[in-house]
Amino acid sequence: MSEIASTAPSGLIQAPARAPAGYWSGVFKRLKRDRLTLICAGILLVMLIMILAAPLIAPHSPYQGSMIRRLKPIGFPGYPLGTDELGRDMVTRLIYGGRLSWLLGITPVVMAFVIGGLLGIIAGFAGGWLGMLIMRVTDVFYAFPSVLLAVAISGALGAGIFNAILSLTLVFIPPIIRVAETVTTSVRVLDYVESARASGASVFTIVRVHVLPNVLGPIFVYATNLISVAMILASGLSFLGLGTKPPEAEWGLMLNTLRTAIYNQPLVAMLPGLCIFVTSICFNLVSDGLRGAMDVRS
Amino acid sequence: MLITILRRILYALPIALAVSLFCFALVHIAPGDPINAILPPDAPADVVDAVRKTYGLDKPLPVQFGIWLWKVLQGDLGKSLATGRDIWPDLSGALQNTLTLALAAAMIGFPIGIVLGSLAGAFRGTWIDRACVGTAVAGVSVPHYWLGMVMVVIFSVTLNWLPSMGASQDGSGGWSLDWEHLQHLVLPAITLSVIPMGIVTRTLRGIIGEILGQDFITTLRGKGLRRPGVVVHVIKNAAPQALSVMGLQLGYLMGGSILVETVFAWPGTGLLLNNAIFQRDIPVLQSTILVLAMFFVALNLAVDMAQSLIDPRMRRA
């Protein structure tokens, strides 16, 4: 115990350009003791394996329904979680639905992490008119509540998976730019960057060796935090009919089509939303755990 | 002080202009000729030409933007494709309903968030803290459209206590303060309040925790100031940041209620947007987004000004 306490902070106080091995082993040690984060990460991992292996483990076809076994309750023989309004197996639909929900939730954040991180680091490191331009355009997107921006763009572009991902990417780029710019600006003025510049290092080298290793962590932690919101928003777009289209299985869309069933089979109708909730809360807690373990101040 | 206010307004103007440019562009990022967004696809050619002229779609884009903006500034948002009526009367009615819902949600979510956040900040590391933070995380992680459905299942379908649809019994759009309308407001308002509740809790926990750790609190305690006296100092220091977060949350409530309004068929801007999306009624979509975004810009400005009124340090920024 005392060894952990003595090594971890010293690695942080020095804050050298390239993080020493001590930093990451400290992060992992802290994560290992964080039971809540580990449980959530475990749940997410199981979910990921299930949706990747969907064709292998799903008991039925996600599209093949039957008029005679519509809206069966939870625990119906052969259909442990019941059937939906077209008689399709809920277990199968939920596993397959996870594929699109995860894709729609995570892809925009990954793309926004790359694009927003790049633009933010440029704005923070270059400063001047270029930084000013990037930040002022970012301000404009901040004038829209995120749900409204996503609905506006995908509403104008029309329904579809690609349009939903595009609009959500645009929603998440501005906040990531802001975080990346703030972190980069704070690193740029540190002494070791100054001394690297004085010793004749090129801009490219300074960014690669001194800036990137120190800013990517905080930006990454912030981006993981956005996944939770992204899952809710992505499924929300599908819920509004703006994401995926029937008969595709997606949690938000399933929740929407099952709305008519809340009088007959309320428990079955609630299942897709429960999946969104569990995924979203797990991503949220894992992100919080990462933030704590990596000692990133928000 | 006057200069601060003027500077804030001057800074908000280009943002407002850029926001309107974005909304103008919505018609043009819609797939196909923008004329298709205005006319049905089977319109005769001479009608297409006439409409193209009246809408100024034959002119270059910057000129079109100028004309559109000029009309908007005079309160002319154009006509709905679906109904053929002027957009503004319908939109203003929907705005009132959305504002009612947002204010009700704020009145539920903010006080709970303030209490939970203050408790969590004051009792950091205890089970109280964990319970409050847990509630907050659940609040920001729950898909609120699903929570709405759960509420309907529990309170409308099973218990039959509260209505699940619309703003009133007869389905009329208006809203007034009476028992029937209040009953219809309860479920959507609670559903919408969980996100601001969670965010206000998290923010206040951070603010209060930080203030309590500062030297001047130790000094005040050392001087022998009793608990109520310390609390006054904490509130004074926490208020500016807390108010700004709540102001922004009110804006998010206005713009973010589309999903909840869809679940409860609440006759506000969200339902208007939802119908516009389904009928590909781009002018209505554009106008609603524009008005909501402008409201958000104005709210941001108001929050900024209120903050510099309360907190002298902000005036220099």
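Two residues are in contact if their C-beta atoms, placed from the backbone, lie within 7 Å. The legends below describe a predicted model, in which local features need pLDDT of at least 70, side-chain atom pairs count only at pLDDT 80 or more, and totals for chains, interfaces and linings use all residues. Residues are numbered from 1 along each chain as its sequence is written, while chains are lettered from A and ligands numbered from 1 in the order in which they are written.

**View 1. The contact between chain A and chain B.** Chain A gives 34 residues to the contact and chain B gives 39 residues. On the side of chain A that touches chain B, the elements with two or more residues are α6 (128–141), α7 (146–157), α10 (203–239) and α12 (266–294) of chain A; helices (H or I, at least four residues) and strands (E, at least two) are DSSP runs, numbered from the N terminus. The largest share of this side, 9 residues, is supplied by α12(A). By class, the side of chain A that touches chain B holds 23 nonpolar, 9 polar and 2 charged residues. Ala, Val, Leu, Ile, Met, Phe, Trp, Tyr, Cys and Pro count as nonpolar, Asp, Glu, Lys and Arg as charged, and the others, Gly among them, as polar.

**View 2. Chain A as a whole.** Chain A has 12 helices and 0 strands. Its C-alpha trace spans about 80 × 50 × 30 Å along the principal axes. Of its 298 residues, 44% are buried, where buried means that 20 or more other C-beta atoms lie within 10 Å of a residue's own, exposed 12 or fewer, and partly exposed in between, with C-beta atoms placed from the backbone. Among the contacts in chain A with a separation of 6 or more, 70% join residues 24 or more positions apart.

**View 3. Helices α5 and α8 of chain A.** The axes of α5 (residues 90–126) and α8 (residues 161–188) of chain A come within 5 Å and cross at roughly 35 degrees. Axes are lines fitted to C-alpha atoms, for helices over the stretch in contact, and angles run from 0 to 180 degrees between N-to-C directions. The crossing of α5(A) and α8(A) is right-handed: a crossing is left-handed if the near helix is turned anticlockwise from the far one by less than a right angle, and right-handed if clockwise. The contact of α5(A) with α8(A) has 21 nonpolar, 8 polar and 3 charged residues.

**View 4. The surroundings of L258(A).** L258(A) lies in the loop between α11 (251–257) and α12 of chain A. L258(A) counts as buried because it has 23 C-beta neighbours inside 10 Å. Leaving aside neighbours within four places in sequence, L258(A) is in contact with D84(A), E85(A), A269(A) and P272(A).

**View 5. Helices α12 and α13 of chain B.** The axes of α12 (residues 269–278) and α13 (residues 282–310) of chain B come within 9 Å and cross at roughly 150 degrees. The two helices, α12(B) and α13(B), are therefore roughly antiparallel to each other; angles under 35 degrees count as roughly parallel, over 145 as roughly antiparallel, 65 to 115 as roughly perpendicular and the rest as oblique. The crossing of α12(B) past α13(B) is left-handed. T269(B), L272(B), L273(B), A276(B) and I277(B) of α12(B) make the contact with V284(B), L285(B), T288(B) and L292(B) of α13(B). By class, this contact has 7 nonpolar, 2 polar and no charged residues.
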